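Open the model in your viewer and keep the selection panel at hand. The stops below go from the whole chain to single side chains.

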Amino acid sequence: MPILLIGGLTLLTPMLTPRTVRFGVRVPAERLGEPALAEALRRYRAGVVAVTAVAVLIALFVATSTAAWLAGVAVEVAGTFAVYLVARAHVAAAKHEGRWFEGLKQVTVADTALRTSPEPFPWAWSLPAVLVVAATAVFGAVRYPDMPDRLVTHYDASGHPTSYADKSFGSAFALVAVQIAITALIVVLTRVTVRGKANLDVQDPHAAERQRRFVAIMSRCLLLFAAATALTLAVTALTTWDVIGSTGWTPVLLLAPVAIATVGLVVVVVRVGQGGSRLPVDAAAAAAAAGNEVAGAAAGNSAPGTVNRDDDRFWKAGVVYFNRDDPAVWVQKRFGVGWTVNFARPAALAFLVGIVVLAIVIPLLLR
């Protein structure tokens, strides 16, 4: 159930973020024992559980149509975000009233080796997705003469066909086109985002090494997710081409690859944390990987009284990054795992427009 998945992920999110960021608010490591932080977390968890319970009740009992499930999901998303904002406001108020950054030297750090000697991109891990797309296209070409004159273009939740289209090259290979587009999008985005700006914690002596491992792990997971998505579309195409018969199990069969990949991705994310914050690091191995003492010092061996720069003003509600002075287009999320865009950069806005266009074009191809 999507509502329970969203609720579970929302509950886990605070434990996945770096320790010096609480509900999108930057805090000094010396203040991590503050009662306000524990109270905010307690209220957040109780609020998420309550919102999730209400959303499930709406989905189950308010109505029996698909609209009820959509309403439940909408309540879950909006409600949990409101709970997050309340927790964030609580932490921000305690930080302001307690003057947590007063008298501390605020700095930002960077490990130049992350840019000059980045983690090699695992292109080989994109091969499964490419092979699935290629196999689907070849099979479709061979199957085309024997395809039925009318192709199913949509199924309901029970696996029964609800709309058809006359056989043509466009209707038969629309799903292959979608396969190519989505696979290319995931691969390109993975390649671009893993080279995005790394937010290293000055109070974490192994931040750079954790970042390297985070990039290596997440890039491979995302490429495997691309393969799972391509496989789901391949099974959908086989159903459309009347190779796989439609039954009540058809929706399960179609969604199984993506569902399994999603569960696997969540497990990995919980193990890794944002920026690798939950990864254990061997000090000796980290020093050897860094390759020089200067980079290691810059990545976290800070002097007493030195903390991360209080950069909350650049994060609207702790989730939207807007910094005209930062040339980076891609940055790591403040609350959650993964990357987001710097909304102050024109390239980021162009990307968002492209995503909207793609979201409109893909459904048109599937009609």
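**Whole chain.** This is a predicted model, in which local features need pLDDT of at least 70 and side-chain atom pairs count only at pLDDT 80 or more, while totals for chains, interfaces and linings use all residues. Residues are numbered from 1 along each chain as its sequence is written, and side-chain values use heavy atoms, with hydrogens and water left out. Colour by secondary structure to see eleven helices and ten strands (DSSP runs numbered from the N terminus: H or I of at least four residues for helices, E of at least two for strands). Of the 367 residues, 41% are buried (under 20% relative accessible area; exposed is over 50% and partly exposed in between, with a 1.4 Å probe and protein chains only). Contact means heavy atoms within 4.5 Å. Among contacts between residues at least 6 apart in sequence, 73% join residues at least 24 apart.

**Cores.** Select Val 194, Phe 214, Met 218, Leu 265, Val 269, Val 337 and Trp 339: these touch the most other members of the largest nonpolar core, which has 19 residues. A nonpolar core is a set of buried Ala, Val, Leu, Ile, Met, Phe, Trp, Tyr and Cys residues joined through side-chain atoms within 4.5 Å. At least two residues of this core come from each of α7 (207–240), α8 (250–272) and β10 (339–341). The largest contribution, six residues, is from α7. Now centre on Val 194; beyond four places in sequence, its contacts are Phe 121, Val 215, Ser 219 and Trp 339. A second, separate core has 18 residues, including Val 25, Val 51, Val 83 and Ala 87.

Where is Val 75 placed? Look in helix α3 (residues 66–98). Val 75 counts as partly exposed because its relative accessibility is 29%. Leaving out neighbours within four places in sequence, Val 75 contacts Val 51, Val 54, Ala 55, Ile 58 and Thr 80. Draw a C-alpha to C-alpha distance from Val 75 to Val 54: the two are 8.1 Å apart in space and 21 residues apart in sequence. Next select Thr 52, in helix α2 (residues 35–62). Thr 52 has a relative accessible area of 10%, so it is buried. Apart from residues up to four places away in sequence, Thr 52 touches Ile 3, Leu 4, Gly 7 and Glu 76.

**Rings.** The whole structure holds 13 aromatic pairs (rings of Phe, Tyr and Trp, its six-membered ring, with centres within 6.5 Å; planes under 30 degrees apart are stacked, over 60 edge-to-face and the rest tilted). Show Tyr 84 and Phe 335: their ring centres are 4.5 Å apart and their planes at 35 degrees, so the pair is tilted. Tyr 84 is in helix α3 and Phe 335 in the loop between β9 (330–332) and β10, so the pair ties together parts 251 residues apart in sequence. Both residues, Tyr 84 and Phe 335, are buried.

**Confidence.** Colour by pLDDT, the predictor's confidence in each residue, from 0 to 100. The chain mean is 85, and 86% of residues reach 70 or more. By element, the highest mean belongs to helix α5 (residues 127–143), at 95, and the lowest to helix α10 (residues 293–298), at 38. Finish at residues 284–301, where pLDDT stays under 50. Where pLDDT is low, the predicted coordinates should not be read in detail.
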